[in-house]
There are 2 protein chains.
Amino acid sequence: MSEPEKIEHIPDESAGKGIPNGGNAAKTKEDFDLASIYVSDAQYNRNIYFDTSPQAVRLYLRYNHWIPQVLLYFFILLDLSLAIFEEPAVLLLPIWATMLVELLCLLAFTIRIVHYAKVIPRDKFWKDPKNICIIVIILLTLVDMIIYGALKATNCYGVRWSRVLRPLLLVNVTEGRQLRRAFRSIRNALPQIFYVFLLFMFSLLIFSLMALKLLGKRGLTTIDGSPYFTNYLEIVFDLYVLVTTANSPDVMMPAYNASFYFAIFFILYILINTYIFMSVFLAVVYNNYKYHLKEEVRQLVRSKRHKMVRAFAVLQDQREGEGPVVNQANWNQLVRLVQPDISNAHRELLWSVCDDNNKGYIGKVAFVQLADLLNIEVITLKSRPHPLNSLCPNLYQSAPSRLLCYLVQHRAFVIVYDLIILVNAVFIGLDETNPLIANSEWAFLALYLLEILLKLYVFEPRAFFSRHSFWNWFDTIIVISALIATIINSSVTTAGSYTSRQVLDIVFILRVLRLIRVVDSIKRFRTIINTLIRIGPAILTFGQLIIVVYYIFAMVGMELFKGKVNFYEDSSDPAKAYCGNALLKGTTFAQLNYCRNNFNNVVSSFILLVELTVVNQWHVLSSGFATVTHVSAKLFFVLFHIIVVIIIINIFVAFVLEAFFVEYSLDKSDLQTSLEKKIGELELAVAQETMEDNLVNAMETIDNDQQTGQSSKKTSALMFKIASKRYRTVDALLQRMFEFDLDPEDFAENDDQTNGNFTNPTFSAA
Amino acid sequence: MSEPEKIEHIPDESAGKGIPNGGNAAKTKEDFDLASIYVSDAQYNRNIYFDTSPQAVRLYLRYNHWIPQVLLYFFILLDLSLAIFEEPAVLLLPIWATMLVELLCLLAFTIRIVHYAKVIPRDKFWKDPKNICIIVIILLTLVDMIIYGALKATNCYGVRWSRVLRPLLLVNVTEGRQLRRAFRSIRNALPQIFYVFLLFMFSLLIFSLMALKLLGKRGLTTIDGSPYFTNYLEIVFDLYVLVTTANSPDVMMPAYNASFYFAIFFILYILINTYIFMSVFLAVVYNNYKYHLKEEVRQLVRSKRHKMVRAFAVLQDQREGEGPVVNQANWNQLVRLVQPDISNAHRELLWSVCDDNNKGYIGKVAFVQLADLLNIEVITLKSRPHPLNSLCPNLYQSAPSRLLCYLVQHRAFVIVYDLIILVNAVFIGLDETNPLIANSEWAFLALYLLEILLKLYVFEPRAFFSRHSFWNWFDTIIVISALIATIINSSVTTAGSYTSRQVLDIVFILRVLRLIRVVDSIKRFRTIINTLIRIGPAILTFGQLIIVVYYIFAMVGMELFKGKVNFYEDSSDPAKAYCGNALLKGTTFAQLNYCRNNFNNVVSSFILLVELTVVNQWHVLSSGFATVTHVSAKLFFVLFHIIVVIIIINIFVAFVLEAFFVEYSLDKSDLQTSLEKKIGELELAVAQETMEDNLVNAMETIDNDQQTGQSSKKTSALMFKIASKRYRTVDALLQRMFEFDLDPEDFAENDDQTNGNFTNPTFSAA
């Protein structure tokens with residue numbers, strides 16, 4: 001690098017033109033702080049309207065630091081996990097202990113919100129519903145704690161109702177953008193879903209009325225002898241359950257046994273309500289989801305552009321006949337601030353993409369793409385010789401060593417090990433009490449260890465264990481864990497007659513997990529798996545969403561149903577047959593031994609809610625809880641079904657569908673292409689022919705193939721590769737999903753708005 | 001019409017230029033026959049490479065006549081319905097009777113295929129797999145009938161295996177284009193699905209192995225006391241069933257009762273295999289479906305274009321400085337031949353769209369759109385005075401009569417009747433043995449009759465009962481049927497103490513159906529219903545597909561399982577408890593009283609297959625049939641699940657999604673717009689303001705609003721309206737679905753191919 005890299009050396013040429021910190025004045029540390037905040041906000045799509053005064057900027061830098069963010073999530077997790085220790089508890093702690101921890105959490109949230117209040121202007125702070133939401137949650141929780149404490153002190157019955165509010169913190173913290181977006185998707189789809197739902201309910205009521213008239217007076221009975229289809233509300237519930245298919249042939253059998261004409265009624269019902277209406281629900285949810293997401297992403301792109309333009313305004317110099325530009329030194333300083341972990345080589349590469357003509361400065365258009373460039377993950381590969389080659393080159397370069405390297409890199413090596421895995425799978429399936437089989441385990445372990453050692457001999461160790469070599473890490477960890485667990489297990493077994501069940505379980509799990517490796521060697525499978533891994537982070541957002549909804553339902557469910565149904569470990573207890581509640585005697589719930597499906601603690605509640613999400617037998621569960629409380633308890637379960645299955649699962653399916661289509665159909669974005677072109681021009685690219693498969697991110701194998709100590713075809717010691725299919729942020733994936741649908745004007749320059757006080761798009765809290 | 005309409009009057013101007021029947025020679029009847037065949041083939045997207053000799057053209061015209069087509073479908077239906085009368089039969093007929101009918105059917109199919117063979121060139125005939133398929137089916141059926149007849153004559157056991165082939169006729173007849181396309185969608189999606197399925201199976205096997213190792217040795221038992229998770233194959237089956245959620249909490253309960261850690265194993269399994277993999281299946285099926293459909297529709301559009309160009313070549317005249325043209329007389333003659341039922345006014349409208357400048361002749365580009373124009377459904381509305389107005393105008397135009405008309409057309413009239421319907425719904429729900437309630441039925445019937453009479457007084461009767469006034473027809477038919485049924489019922493009841501259950505059932509059904517009318521008066525509901533009605537015809541294709549698959553599985557199932565499970569009407573029979581098969585004693589199948597779910601005749605089989613499609617409890621059914629035969633019988637059920645639920649239902653959902661998106665997002669096509677513009681120019685349009693809702697096809701209401709005898713705002717007695725959202729053919733809907741994705745060059749002229757022997761896209765048989 002011959003360019004000057006110190007910012008002080010750049011001479012001023014023209015005065016500022018009303019731009020904040022404008023002109024060609026030497027940029028101060030404050031300027032760089034401000035510009036780096038704009039860039040990093042643009043990079044991560046943060047939409048925070050912060051104060052631009054130097055103190056506020058410093059506070060904001062601290063606010064965005066990873067330590068307070070991790071701490072915040074730690075305290076949210078702690079707050080949520082208090083449910084494990086509170087009445088009804090898995091592990092009951094005294095009230096003062098949980099209360100103390102909760103106070104601590106509230107304190108942490110208060111500190112965080114006060115910090116936030118100091119960063120952004122006062123009027124903006126009070127206009128943002130998510131801040132008000134957090135403050136209200138904190139206050140309500142305090143009130144509830146005081147009331148509950150007082151009631152407990154006087155031995156009265158109290159309900160910790162504020163626990164329902166806890167998961168809302170997860171939604172309303174600044175970092176919960178993805179989650180808020182998911183909630184907004186749902187809220188936006190609601191009006192459309194509502195009308196389809198009404199029509200569906202109308203159809204349900206009409207069919208129920210018909211069923212009542214046709215079947216009610218025939219004196220039919222169900223298997224347990226109760227009258228069949230005589231009560232209108234029960235018919236409505238039964239037919240609602242039939243839509244979920246949970247009572248599919250059973251509800252029809254008495255009528256079908258009477259005459260097969262009635263089967264036509266039920267088939268028609270299922271066709272209309274299960275197949276047509278449920279497809280329409282998915283279509284409506286998907287359609288709304290796509291439409292509103294597109295709108296939001298358009299807004300995101302626009303606000304990102306604005307932020308980059310502001311950063312440019314802060315760092316710009318005036319240059320004769322060129323207009324405002326940013327020179328390389330300032331740019332380097334900025335990139336170092338925004339992303340301290342970026343390598344010099346990588347930074348130079350990015351600069352050469354921006355400054356295509358080697359002018360030493362870039363204009364606004366080139367500058368604005370920086371945020372997107374930083375989001376493209378570039379892997380810097382350093383071609384290092386194998387350490388053994390450096391230690392004793394004669395031995396490592398000898399003919400047998402070269403042959404070994406050739407063999408290990410050959411396709412047959414992979415096939416041989418795949419066959420070993422298959423044989424291993426058969427051995428695992430066989431009875432392990434047979435001593436031959438038990439001892440074979442050592443042989444397999446040795447073979448797997450040998451494989452890893454051979455690969456380490458052939459490939460450069462640091463490349464073998466590079467950050468992106470998922471399967472290498474997976475292999476090594478699994479094999480070494482299995483080795484340790486097997487040794488512990490056999491030493492425990494030989495030491496005494498006692499075999500630890502836990503250790504054995506771990507050994508079994510590790511053995512079976514080892515087999516998964518075979519997936520990686522079949523290209524088609526790798527394609528599918530990679531696609532799944534890529535949409536994984538976005539699926540995690542839905543995981544959070546589900547946890548929020550589950551937590552609220554679990555808290556309400558625990559208050560409503562705790563202790564009503566009990567599970568007895570001791571199988572000799574007579575109460576076991578009816579779950580400790582005489583009301584359940586003879587019900588399907590007790591007959592199917594569902595006693596453990598209860599709301600007696602938060603873990604049981606979550607497992608029960610998963611079962612309700614899977615839908616099957618949910619009517620048995622809801623009838624069980626209705627039996628021990630009141631028939632209206634079924635409403636709780638129907639509400640859960642509507643919210644989770646009809647709405648959230650459909651949005652989940654819509655998301656997976658959309659993400660899959662994007663993965664299948666989209667080529668790389670323009671920026672990535674220009675970056676790749678530059679890498680190619682600089683002759684730093686990893687051989688292209690290994691990347692022909694546009695779905696397979698063949699990176700791992702490329703890492704290895706290129707890094708062998710033996711082959712040194714490349715002249716340059718440094719190589720780049722774009723991890724084109726990885727997304728640093730979920731936003732980047734979303735923007736990619738819609739970038740072809742966006743209007744071109746969103747990418748056009750909006751100079752007139754640059755110096756104005758552009759408004760951040762306000763995203764209301766969910 | 002001042003233009004000459006007789007083709008003989010057009011003078012020749014230039015000689016033919018190597019075009020078949022080219023030049024300006026007076027067009028013969030043969031020319032018109034040929035051109036009309038091309039146009040009608042283009043209109044209905046038939047891809048038949050027929051011989052262009054006059055005899056073959058005449059034969060082909062006869063081949064496409066509706067009578068032989070209806071006859072063909074009648075014989076196919078007859079052939080398929082033979083299963084009702086054959087062993088195992090619903091109504092057993094002697095073998096000679098069914099054999100005779102089947103021979104008759106085969107004869108009909110043979111005549112049809114011979115006819116087809118005479119229409120198209122010999123080499124084309126033998127190259128088309130669907131013809132060969134039909135011939136093979138006919139021959140195999142004959143062979144099977146002879147063998148079966150011989151075996152029966154010697155009292156041996158015979159299997160009518162050729163019955164499996166019967167539904168394939170439905171696929172391979174010339175008219176089964178839609179069905180063949182649906183099968184092609186499936187076949188094209190198979191390779192992609194296959195790899196996902198393999199990965200899914202791998203995951204299933206790995207999880208099963210882990211389950212065996214973790215749970216097999218713990219000595220757990222299921223509710224019925226059998227060992228839990230000890231046999232690998234049974235685990236695989238149980239976990240496969242878990243993917244379908246059919247045994248959801250039950251399969252988990254023994255492990256969950258032992259320790260809640262095992263619940264995590266099952267939750268993880270459901271998450272990966274049920275949610276992720278099933279979504280991926282849908283995504284892959286949907287993606288492939290979209291991709292291949294697009295390709296096919298592109299091909300269809302191209303071949304339609306070619307056919308129209310050929311028709312143009314047949315009818316063209318040479319005109320100085322204009323190139324080849326078709327004059328209005330020839331065009332009129334052609335349209336009359338292609339669509340004899342078209343009104344003169346409609347034809348003139350179409351001509352004025354094509355001949356935009358009133359030149360009296362049109363070029364190739366204008367001619368080619370004829371096929372699409374004919375596919376746009378234009379409703380000709382004739383503004384006729386009310387017959388009462390003609391009979392006694394004084395009375396009909398009097399103030400009370402006008403007030404009555406005003407009231408009936410008022411919004412409040414609809415609301416009042418909606419309220420009456422609601423009250424009626426409550427009365428239906430109440431006990432009809434109460435005499436007050438029973439008599440109220442007469443009042444409601446009178447009110448509904450009054451409504452119809454009032455509407456007939458206000459609206460012109462022919463407009464009220466026009467072809468597209470679905471709800472008017474619905475109302476009238478339901479009310480009059482209900483009146484007749486109620487009269488019959490009450491006369492039967494008063495005549496004796498005997499009440500006919502059947503008549504009463506019909507009365508109840510009609511009463512409840514009457515309530516559906518309320519949907520029409522809520523605009524949002526009408527929107528959704530109209531969308532559903534519009535995608536209805538396409539859904540029927542999937543209905544055919546399902547019937548083909550069901551029929552094949554029913555035939556196989558009947559051979560495998562007939563008589564194994566029996567249903568006893570008589571509840572006192574002790575064999576009823578175990579379905580007449582001692583092997584079923586104590587099984588869940590018998591306990592749940594599933595005896596009627598059997599393969600003992602074709603109707604039971606179909607109902608059972610529907611239950612399997614709905615998925616719930618399919619494992620109980622399959623285990624039941626495995627118990628009475630062999631454990632491998634489960635394969636039959638698993639295969640059915642894979643084919644019907646994983647593949648066909650997913651394609652169905654993909655279709656509904658895509659059709660919905662098209663409905664939501666697409667505006668009218670260009671051609672429709674130009675047609676509408678022309679209608680507007682000619683001041684023949686129905687008032688536009690009533691059509692603002694782009695989703696509601698407000699036609700029915702417009703029909704009524706515009707056709708009142710009173711209001712005569714319009715000057716013209718004739719009005720047109722485009723039934724823009726109705727598709728004459730499924731192909732038209734499909735083309736519309738993809739027309740925006742099609743390359744523009746598909747619509748470009750391909751003159752060089754015009755005179756060459758363009759190849760029809762060959763669509764192989766499924």
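# Structural briefing: chains A and B

W161(A) is placed in the loop between α6 and α7 (166–172) of chain A. The model is predicted. In chain A, the secondary structure amounts to 32 helices and 5 strands, and 55% of the 766 residues count as buried.

**Chain A overall**

- Among the contacts in chain A with a separation of 6 or more, 75% come from residues 24 or more positions apart.

**Nonpolar surface patch of chain A**

- A nonpolar patch on the surface is formed by W126(A), I132(A), V136(A), L140(A), V143(A), I147(A), Y157(A), V159(A) and W161(A).
- Together these residues have about 810 Å² of accessible area.
- The most is given by helix α6 (residues 129–153) of chain A, which contributes 5 residues to the patch.
- In an α-helix there are 3.6 residues a turn, so residues three or four places apart point the same way.
- W161(A), one of the patch residues, has a relative accessible area of 38% and is therefore partly exposed, a class that lies between the limits of 20% and 50%.

**Enclosed helix α10 of chain A**

- Helix α10 (residues 248–258) of chain A has 9 of its 11 residues buried, so the rest of the structure largely encloses it.
- The buried residues of α10(A) are S248(A), P249(A), V251(A), M252(A), M253(A), P254(A), A255(A), Y256(A) and N257(A).
- Their cover includes α8 (177–215), α9 (232–243) and α11 (261–315) of chain A.
- Chain B also takes part in covering the buried residues of α10(A), through α26 (602–614).

**Three-stranded sheet of chain B**

- Chain B has an open sheet of 3 strands in the order β1-β2-β3, with antiparallel pairing.
- β1 (317–319) and β3 (361–362) of chain B stand at the edges with a single partner strand each, so one side of each has no neighbour in the sheet.
- Strand β2 (residues 323–327) of chain B pairs with β3(B) in the antiparallel sense over 2 bridges.
- Within this sheet, N327(B) has Y361(B) in β3(B) as its bridge partner.
- Helix α12 (residues 328–338) of chain B lies across β1, β2 and β3 of chain B and runs at about 55 degrees to β2(B).

**Cis peptide bonds**

- Most residues other than glycine have a negative phi, and most peptide bonds are trans.
- In chain A, the peptide bond from E87(A) to P88(A) is cis, with omega near -5 degrees. P88(A) belongs to the loop between α3 (66–81) and α4 (95–119) of chain A.
- In chain B, E87(B) and P88(B) are joined by a cis peptide bond with omega of about -10 degrees. P88(B) is found in the loop between α3 (66–81) and α4 (95–119) of chain B.

**Positive phi in residues other than glycine**

- N155(A) has a phi near 60 degrees, a positive value in a residue other than glycine. N155(A) is in the loop between α6 and α7 of chain A, and with 73% relative accessibility it counts as exposed.
- N45(B) is not a glycine, yet its phi is positive at about 55 degrees. N45(B) is in the loop between α1 (29–43) and α2 (54–63) of chain B, and with 2% relative accessibility it counts as buried.

Notes
Residues numbered from 1 in each chain as written. Chains lettered and ligands numbered in written order. Predicted model: local features only at pLDDT ≥ 70, side-chain atom pairs only at ≥ 80, totals over all residues. Heavy atoms only, no water. Buried < 20%, exposed > 50% of the residue type's maximum accessible area, 1.4 Å probe, protein only. Helix = DSSP H or I, 4+ residues; strand = E, 2+ residues; numbered from the N terminus. Contact = heavy atoms within 4.5 Å. Patch = residues over 30% accessible without salt bridge, like charges linked within 9 Å, V, L, I, M, F, W, Y side chains within 5 Å. Areas by Shrake-Rupley, 256 points an atom, 1.4 Å probe, with all protein chains shown as cover. Salt bridge = Lys/Arg side-chain N within 4 Å of Asp/Glu carboxyl O. Pairing = 2+ DSSP bridges. Axes fitted to C-alpha atoms, helices over the stretch in contact; angles between N-to-C directions.
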